[in-house]
Amino acid sequence: MECPALFFLIHESIMTRHQQNILTPPSVKVPELFHQIMKARTRVYRLFPPTPMEIHNMPEGWKLLLKREDLSEIHSYKWRGAFNFMSARYQEAKKRGVVAASAGNHAQGVAKSAAHLGIKAQLFMPQSAPKLKVEAVTRLGGPMVEIHQEGDTYDDAAEAAHRYALKYNHLYVPPYDDLLVMAGQGVVGDEMMTSPERPDVVYLQIGGGGLAAGVAAVLRTYDPNIKLIGVEAEGQASMKAAFDAGGPVTLEHLDIFCDGTAVKTAGTLTYNALKALLDDIVIVSATQVASAMEELWRVARVLSEPSGAMGLAAARKYEKKLLGQKVGVILSGANLDFRRLGYIARRAGDPTGIQAFYQVEIPERKGAMLAFFKTINPVGLNISHLLVGQYDSDLAYPVIGFDGNPEDFNYFEELISFAGYKFQNVTGRPDIPFRVAPYQPRLLSLPYAAILNFPERPGALAEFLERVATLANISYFNYVHSGEEVGRALAVFSFENNQSRESFLADLKAHGPDFTDLPRDTGHALGLLETSDQAGYDAFAK
């Protein structure tokens with residue numbers, strides 16, 4: 001599911017649909033699409049065998065039918081459409097050569113198909129494409145593939161690919177908006193309906209719409225009563241926008257957390273097909289997708305890419321309606337950049353998929369943070385972020401992030417309002433993801449700075465604060481839940497006198513948590529050597 005090319009914006013006045021190599025009309029009838037899918041079955045298995053559909057009994061009383069497209073050699077379903085297109089138009093493709101644009105999965109499908117069919121392929125990828133995916137395309141395509149890295153985005157690469165196809169009369173392989181591509185992807189649906197158990201409802205992720213349209217055509221033909229739900233992610237719901245507008249429109253902004261479905265403009269063919277086939281389209285958040293990825297790991301021991309978990313995210317969002325049902329979900333891909341795991345783990349909070357941030361006004365004195373924690377303890381919220389920075393002598397304004405649901409947050413607000421705290425919901429404020437906690441080192445007295453290693457369990461931080469509440473004031477604290485068993489916080493404490501400071505250090509050494517002193521150069525970087533009591537910091541740093 002790649003982003004669409006800027007083809008119509010660039011070439012609208014000089015290109016016809018024939019010159020784009022798209023031979024299908026602006027709309028396609030479901031019977032014709034189904035017929036093409038049946039023909040595609042005779043082609044796609046020349047490259048790979050069918051993928052399995054696993055059955056998992058969920059504790060909430062429904063069955064998860066998990067279609068494992070991640071188990072193909074390219075770890076995605078994308079090979080199906082590319083191979084069907086290139087096989088059906090083999091003579092033309094062989095004579096002219098093919099061109100495609102992709103940031104990952106589509107390029108791998110075209111590369112593998114080119115190597116198998118002996119067709120020369122020119123593949124355009126953005127310069128920002130992960131090295132892992134570029135190397136995979138090279139490995140799969142071998143000498144039949146030449147990679148061109150153009151521009152910073154998929155759209156830049158797609159523009160270059162179309163120019164190349166025009167200049168050298170190569171055959172362009174569309175990522176989704178083509179009858180043959182849709183038909184190849186649709187074989188996934190045929191495999192689902194010929195499995196031992198058929199689904200009652202299927203949640204289909206949508207990018208450009210090729211997979212969803214092809215699969216939906218098969219499922220609806222086999223079972224007119226099946227429930228078909230399209231799924232899009234927040235910030236990239238181009239098909240929902242098309243449904244609302246009566247035709248494809250271009251989104252102004254595009255969220256790329258689910259990068260495999262990040263498409264600014266839905267396909268024309270796919271829009272018309274899905275308009276006739278889907279019962280509904282639902283939207284899932286990045287946090288809900290991350291939670292679904294975590295659940296796929298628990299249930300099936302698979303690391304899905306974000307777009308591959310969108311179907312399960314939607315099922316979880318509406319699971320109260322699923323009791324006793326067989327729920328079909330397509331794990332569409334597992335080409336996950338390993339470096340994203342930490343970020344994804346932080347997003348995978350409460351399964352309800354909601355994360356909120358609050359900035360609260362509390363007194364700037366020792367014990368004030370503990371008092372606040374005791375106030376909110378009845379809510380039972382999971383603290384995922386805590387940012388504290390002392391920049392006022394009388395008041396502090398910590399930012400606290402929670403995972404929970406709307407009822408939890410309402411209860412939280414009621415409690416702190418009743419207790420007299422002033423607060424502001426700062427969810428979505430631009431600085432929040434960057435964890436900015438400004439503070440004034442000159443306000444600190446006898447500072448002590450360290451990295452604290454807390455066990456990741458409820459109440460661990462509150463227990464620590466209760467022990468030291470009479471000894472130290474939290475002048476700086478920067479913590480984010482990372483998904484590890486140990487949570488790390490960069491902390492600076494200040495003290496009224498040396499006796500309190502020595503008692504705090506003795507308690508820390510005796511009872512924990514584990515800690516690492518910050519060396520002098522780090523203290524200098526934090527501005528602590530410019531405090532009102534440099535001697536106190538020097539004493540700690542020795």
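**Figure 1. Helix H6 lies across strands E4 and E5.** In this predicted model, helix H6 runs at about 160° to E5. Helix H5 likewise lies across strands, namely E3, E4 and E5, and its direction makes an angle of about 165° with E4.

**Figure 2. Four strands form an open sheet in the order E5-E4-E3-E6.** The pairing within this sheet is parallel. Strands E5 and E6 (171-172) stand at the edges with a single partner strand each, so one side of each has no neighbour in the sheet. The parallel strands E3 and E6 are joined by two bridges. Across this pair, Val98 stands opposite Leu171 of E6.

**Figure 3. Helix H5 (residues 105-117) is largely enclosed by the rest of the structure, because eleven of its 13 residues are buried.** The buried residues include Asn105, His106, Ala107 and Gln108, as well as Lys112 and Leu117.

Figure 4. After H5 comes Gly118, which has a positive phi, near 70°.

**Figure 5. Helices H9 (residues 210-222) and H11 (residues 268-277) pack at an angle of about 40°.** The axes of the two helices are 9 Å apart, and their crossing is left-handed. On the side of H9, the contact is made by Gly210, Ala212, Ala213, Ala216, Ala217 and Arg220; on the side of H11, Thr270, Ala273, Leu274 and Leu277 take part. Seven of the residues in this contact are nonpolar, two are polar and one is charged.

**Figure 6. Strand E16 (residues 448-455) pairs with strands E18 and E19.** Strand E16 is mostly covered, with six of its eight residues buried. Its pairing with E18 (residues 486-494) is antiparallel and extends over eight bridges; within E18, Gly487 is the bridge partner of Phe454. Strand E19 (residues 514-517) also runs antiparallel to E16, and four bridges join these two strands. Asn453 stands opposite Asp514 in E19.

Methods: Residues are numbered from 1 along each chain as its sequence is written. This is a predicted model: local features need pLDDT of at least 70, side-chain atom pairs count only at pLDDT 80 or more; totals for chains, interfaces and linings use all residues. Side-chain values use heavy atoms; hydrogens and water are left out. Axes are lines fitted to C-alpha atoms, for helices over the stretch in contact, and angles run from 0 to 180 degrees between N-to-C directions. A crossing is left-handed if the near helix is turned anticlockwise from the far one by less than a right angle, and right-handed if clockwise. Contact means heavy atoms within 4.5 Å. Ala, Val, Leu, Ile, Met, Phe, Trp, Tyr, Cys and Pro count as nonpolar, Asp, Glu, Lys and Arg as charged, and the others, Gly among them, as polar. Buried means under 20% relative accessible area, exposed over 50%, partly exposed in between (1.4 Å probe, protein chains only). Two strands pair if DSSP finds at least two bridges between them.
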